[in-house]
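Subject: Structure for your review

Dear colleague,

I am passing on the structure below, and I would be grateful if you could look through it alongside the notes that follow.

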Amino acid sequence: MPESESKNPIELSILMPVRDEAINIPIALKLINAAVETPHEVLIIYDRPDDNSVPAVVALQSKYPEVRLIHNDLGRGILNALRKGVEAARGEFVFLSCVDE
């Protein structure tokens, strides 16, 4: 493989389905940032545009640039949120996580 075609720099995609988790998101991102050393991304997957998680994530994206908001348009619920997250993931590996656990 030529040098210009380097491997995907994101090794791990962490999927976090949310529903009104504005209080828990800063803590979860701080813990992930402290614990995960491999190149990664964090996908915060939400069902509704009015979910209070969305503005909480937007406020933290400058501090955590690896965080992406993903709108689940496949249908409400955790199963569809995870499907949407896997579809959007850029990492070689995927890890499923909860914000409040």
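In these notes a residue is called buried when its relative accessible area is under 20%, exposed when it is over 50%, and partly exposed in between, with a 1.4 Å probe and protein chains only. Please keep in mind that this is a predicted model, in which local features need pLDDT of at least 70 and side-chain atom pairs count only at pLDDT 80 or more, whereas totals for chains, interfaces and linings use all residues. Residues are numbered from 1 along each chain as its sequence is written, and side-chain values use heavy atoms, with hydrogens and water left out.

Helices (H or I, at least four residues) and strands (E, at least two) are DSSP runs numbered from the N terminus. In helix α2, which spans residues 53-60, the buried residues are Ser53, Val54, Ala56, Val57 and Leu60. Seen down the axis of α2, these residues fall within an arc of 165° (taken over the directions from the helix axis to the C-beta atoms), so they line one face of the helix. An α-helix has 3.6 residues a turn, so residues three or four places apart point the same way. Pro55 and Ala59 are exposed, on the face of α2 turned away from its buried side. The cover over the buried residues of α2, counted by contact (heavy atoms within 4.5 Å), includes β1 (12-18), α1 (25-35), β2 (40-46) and β3 (67-71).

The structure also holds five salt bridges, each defined as a side-chain nitrogen of Lys or Arg within 4 Å of a carboxyl oxygen of Asp or Glu. One of them joins the side chains of Asp20 and Arg48, at 3.4 Å from N to O. Asp20 lies in the loop between β1 and α1 and Arg48 in the loop between β2 and α2, so this pair ties together parts that are 28 residues apart in sequence. Asp20 is partly exposed at 38% relative accessible area, while Arg48 is buried at 18%.

Another salt bridge pairs Glu41 with Arg68, at 3.1 Å from N to O; since Glu41 sits in strand β2 and Arg68 in strand β3, the pair ties together parts that are 27 residues apart in sequence. Glu41 is buried, with a relative accessible area of 2%.

Lys84 forms a salt bridge with Asp73, and their closest N and O atoms are 2.9 Å apart. Lys84 belongs to helix α3 (residues 78-88) and Asp73 to the loop between β3 and α3, eleven residues apart. Lys84 counts as buried at 13% relative accessibility, whereas Asp73 is exposed at 52%.

With kind regards
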